[in-house]
Amino acid sequence: GMRGLGLGGLLQRGSQAPVLIRFVGPAQYRADFQLLAERFHSQEPGIRVQILSISEVLGGREGLSGFSDIARVLAESADVLLFQVDSSLPESGLVMDLSPWLNGSGEIDRDDFFPQVEEVAQAHGGQWALPAYSFVYPLYYDREVFARAGVSYPGESWTQADFLALAQSLTEAQEDGVVQYGFVDYGGTARVVWIPGLDSAQGADPTGWPTGSMTDAIAWYGAMAQRYRVMPVPGSGEAGIQQDWELIVSRRAALWSDALANFPYHEQLRPVGIAPIPTSAGPARMPAIVNGYMISAGSFWPGQSWQWVRFLHNQFVSFARPSDGSPGALPASRSVAEATGYWDQFRPDVERVLRYAAEHLAIMSTGSRKSILVNEAVKAALDDSAPAVAVADARAAWEAYQAQISRATPVPVSM
């Protein structure tokens, strides 16, 4: 319909020069997108796509702090973005709602997506990104440590109580300190599964705040460090994260969380396995960050931008099978995972866990106000604040933020 064409479509008919749309994505896939842009242009001679990389668009920009600043610069620089999908995007006013096209075209089989990957970009009845792939963050375990302790490897059907018991049995302490931690939550990724408010795809009310369960979960998480001493107090800032990394690479952690992308690195140091992260209720889950295609709210060519996004959906891009042999990112849809041979790059035990995980993802939104506030509450509780107080403070800040959002109306970005 006309809604998708906009003014751009009307102008184009009168002139012969093709419309130029700008696309920005990760530098490592630039060559792939260059080839795809040429193929697209041969199908759609009226549209040319200029390929930009995120690093060149951000290059030389000073003082960009955090997700929202980077998203703003990218949306101001291009018509279409391939970038981290975050639950903060719908209310940012930076990207367009894709549902008028998605609902009208019928060309994209939305049941083909793995569960949860679409939900992170849903809000206010709209769909603000088309998912492309996810980076997953499994729980790793040192198989030699397990063999020495005579403990069986974790599977998919285990509970938080099992996890704590296992971490306790694998923690080795001496008078002068801990020799081996049962668990290190590197980068705090495992807490996404454990602490309500951090998983953006649990169908929760995006404006709601789960107080009681959050307080209990933060208390449990803190107790792992302070009472049971099965994990170090999670580091914050560069120094803290570095301290956690040192424990992992010096083989002083039996279990730890990290990106699947680092599997070959960990496997070089010792034989490893992976597992999903158990929950207090329901199936174990695996943290993930979704990346997807978005159309800038400031684009003059939304209809043509959508044609490019629709073309890219289900195209083979090397994120599933990187040329350097590192583990690929999980495609957003089942058909692409099969068509790219995604599963074939893993040994059978790892493949089994990843096939399970693809259906049970917990989606991180590092840029969302809710995630930032929940993580601040976790940090306060680890710094000896009472969990209930930390959660109450975060909730008050969240409610103030919601009130401010409802007063403000997003303004489209000018290009």
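Modeller: Take R355. It is partly exposed, because its relative accessible area is 35%. The scale is simple: buried is under 20% relative accessible area, exposed is over 50%, and partly exposed lies in between (1.4 Å probe, protein chains only). Some ground rules apply. This is a predicted model, in which local features need pLDDT of at least 70, side-chain atom pairs count only at pLDDT 80 or more, and totals for chains, interfaces and linings use all residues. Numbering runs from 1 along each chain as its sequence is written, and side-chain values use heavy atoms, with hydrogens and water left out.

Biologist: Which residues are joined by shared partners into one salt-bridge network?

Modeller: D142, E144, R251 and R270. Within that set, R270 bridges D142, and the closest N and O atoms are 3.7 Å apart. R270 lies in the loop between α12 and β11 and D142 in strand β7 (residues 139-142), so parts 128 residues apart in sequence are tied together. Both R270 and D142 are buried. The whole structure holds 14 salt bridges.

Biologist: Back to α15. Which of its residues are buried?

Modeller: In α15 (residues 348-358), the buried ones are V350, V353, L354, Y356, A357 and A358. Their cover is judged by contact, meaning heavy atoms within 4.5 Å. The covering elements include β6 (130-136), α12 (263-269), β11 (272-275), β12 (286-295), β13 and β14 (361-363).

Biologist: Why is β6 described as largely enclosed?

Modeller: Six of its seven residues are buried, so the rest of the structure largely encloses β6. Now strand pairing: two strands pair if DSSP finds at least two bridges between them. β6 and β12 run antiparallel, joined by six bridges. V136 stands opposite A288 in β12. β6 and β13 are also antiparallel, with two bridges. There S134 stands opposite L330.

Biologist: Is L330 buried or exposed?

Modeller: L330 counts as buried because its relative accessibility is 4%. It lies in strand β13 (residues 330-331). Not counting residues up to four places away in sequence, L330 touches F114, Y133, S134, V136, Y342, W343, A358 and L361.

Biologist: How do you find empty space?

Modeller: Rolling a probe the size of a water molecule over the atoms shows where empty space is left. On a 1 Å grid over the protein atoms alone, a cavity is a set of points where a 1.4 Å probe fits but cannot get out; a pocket is an open set with protein on both sides within 12 Å along at least five of seven lines; lining residues have an atom within 4 Å of a point. Points are joined across faces, edges and corners, and volume is the space filled by probe spheres set on them.

Biologist: How many cavities of 30 Å³ or more are there?

Modeller: One. The largest cavity holds about 90 Å³. Its lining includes P131, A132, Y293 and V336. It divides into seven nonpolar, four polar and no charged residues. Ala, Val, Leu, Ile, Met, Phe, Trp, Tyr, Cys and Pro count as nonpolar, Asp, Glu, Lys and Arg as charged, and the others, Gly among them, as polar.

Biologist: What is the volume of the second largest pocket?

Modeller: About 680 Å³. Of its 29 lining residues, G187, G188, T189, R191 and N375 are closest to the centre. Elements giving two or more residues are α9 (191-194), α11 (237-249) and α16 (369-382). The largest share, six residues, comes from α16. The lining splits into twelve nonpolar, ten polar and seven charged residues.

Methods:
Helices (H or I, at least four residues) and strands (E, at least two) are DSSP runs, numbered from the N terminus. A salt bridge is a side-chain nitrogen of Lys or Arg within 4 Å of a carboxyl oxygen of Asp or Glu.
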